[in-house]
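Please read them with the coordinates open.

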Amino acid sequence: MIWRYLATCGMVVIGLTANGMVVLGQENPVDPEHARQMAVGRELFKNEVRTLFSGRCLKCHGGEKTEGEFSLATREALLQGGASGPAIELRKSSESLLVRLISHADEPLMPEDGAKLDQRQIDVIAKWIDLGAPYDKPLHATEDADPLAWTSRTIEAADAIYGVSMGDP
């Protein structure tokens, strides 16, 4: 049991003594700052990046459609890049193709079929890349596709869904 624990911690045991184990060191020490950055990045993804990607990018770069052989549906796909090569340089947003394209510094300008992201949105994506670009779960084109979708629902639709009559009292 203790060996399994030490293995998961990356510890290398070189011997045993009467008093216990002698530990040489860690094979792969975990940097607490890395763990903190990934946690912050995951929250940023969950709270902001997910909605941006789902609403503005997945139509062409996720799900069934992947223009330029590039998908944002999973972190693995993001890291793989596309026909133009790597999309991001982890922890180096200023060197990332994705940031240059959404900033309109390089062509093709992204998103291709919509208005340029505002500077705050670009900054959020850049910060997320600088934090290691973690995902909380894969993206799907239908979820979070439009954060304002509820505003286009009609009262009649609410009547049918909730059984509430909004007509005459």
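1. Overall make-up. The protein chain has seven helices and three strands, and their order along the sequence is α-β-β-α-α-β-α-α-α-α. Helices (H or I, at least four residues) and strands (E, at least two) are DSSP runs, numbered from the N terminus.

2. Basis of the values. This is a predicted model, in which local features need pLDDT of at least 70 and side-chain atom pairs count only at pLDDT 80 or more, while totals for chains, interfaces and linings use all residues. Residues are numbered from 1 along each chain as its sequence is written, and side-chain values use heavy atoms, with hydrogens and water left out.

3. Burial and surface. Of the 169 residues in the protein chain, 29% are buried; buried means under 20% relative accessible area, exposed over 50%, and partly exposed in between (1.4 Å probe, protein chains only).

4. Contacts along the sequence. Among contacts with a separation of 6 or more in the protein chain, 52% are between residues 24 or more positions apart. Contact means heavy atoms within 4.5 Å.

5. Nonpolar core. In soluble globular proteins, nonpolar side chains tend to be buried together. Here the largest nonpolar core has 29 residues, and F53, L72, L78, I125, W128 and Y135 have the most contacts inside it. Such a core is a set of buried Ala, Val, Leu, Ile, Met, Phe, Trp, Tyr and Cys residues joined through side-chain atoms within 4.5 Å. Helix 2 (32-56), helix 5 and helix 6 (119-130) each supply at least two residues of this core. Helix 6 gives the most, with six residues.

6. Y135. Which residues does Y135 touch, not counting residues up to four places away in sequence? They are R42, F45, F53, L72, A73, T74, R75, L78 and W128. Among these, F53, L72, L78 and W128 are also listed with Y135 as having the most contacts inside the core.

7. Largest pocket. The volume of the largest pocket is about 420 Å³. Its lining has 24 residues, with H61, E67, F70, L101 and M110 nearest the centre. By class, 14 lining residues are nonpolar, five polar and five charged. Helix 3 (58-61) and helix 5 (97-102) each supply at least two residues of the lining, and helix 5 gives the largest share, four residues.

8. Pocket terms. On a 1 Å grid over the protein atoms alone, a pocket is an open set of points with protein on both sides within 12 Å along at least five of seven lines, where a 1.4 Å probe fits; lining residues have an atom within 4 Å of a point. Grid points are joined across faces, edges and corners, and a volume is the space filled by probe spheres set on the points. For the classes, Ala, Val, Leu, Ile, Met, Phe, Trp, Tyr, Cys and Pro count as nonpolar, Asp, Glu, Lys and Arg as charged, and the others, Gly among them, as polar.

9. Backbone points to check. Most residues other than glycine have a negative phi, and most peptide bonds are trans. The peptide bond from E107 to P108 is cis, with omega near 5°, and the bond from M110 to P111 is cis, with omega near -5°. P108 is in the loop between helix 5 and helix 6, and P111 is found in the loop between helix 5 and helix 6. R91, in the loop between helix 4 (75-80) and helix 5, has a positive phi near 65° and is partly exposed at 32% relative accessibility. A133, in the loop between helix 6 and helix 7 (155-162), has a positive phi of about 55° and is buried at 0%.

10. Two further loop residues. S96 lies in the loop between helix 4 and helix 5 and is buried, with a relative accessible area of 0%. S96 touches A87, I88, E89 and I129, leaving aside residues up to four places away in sequence. E64, in the loop between helix 3 and strand 3 (65-66), is exposed at 86% relative accessibility. E64 and H140 are 76 residues apart along the chain, and their C-alpha atoms are separated by 9.8 Å.
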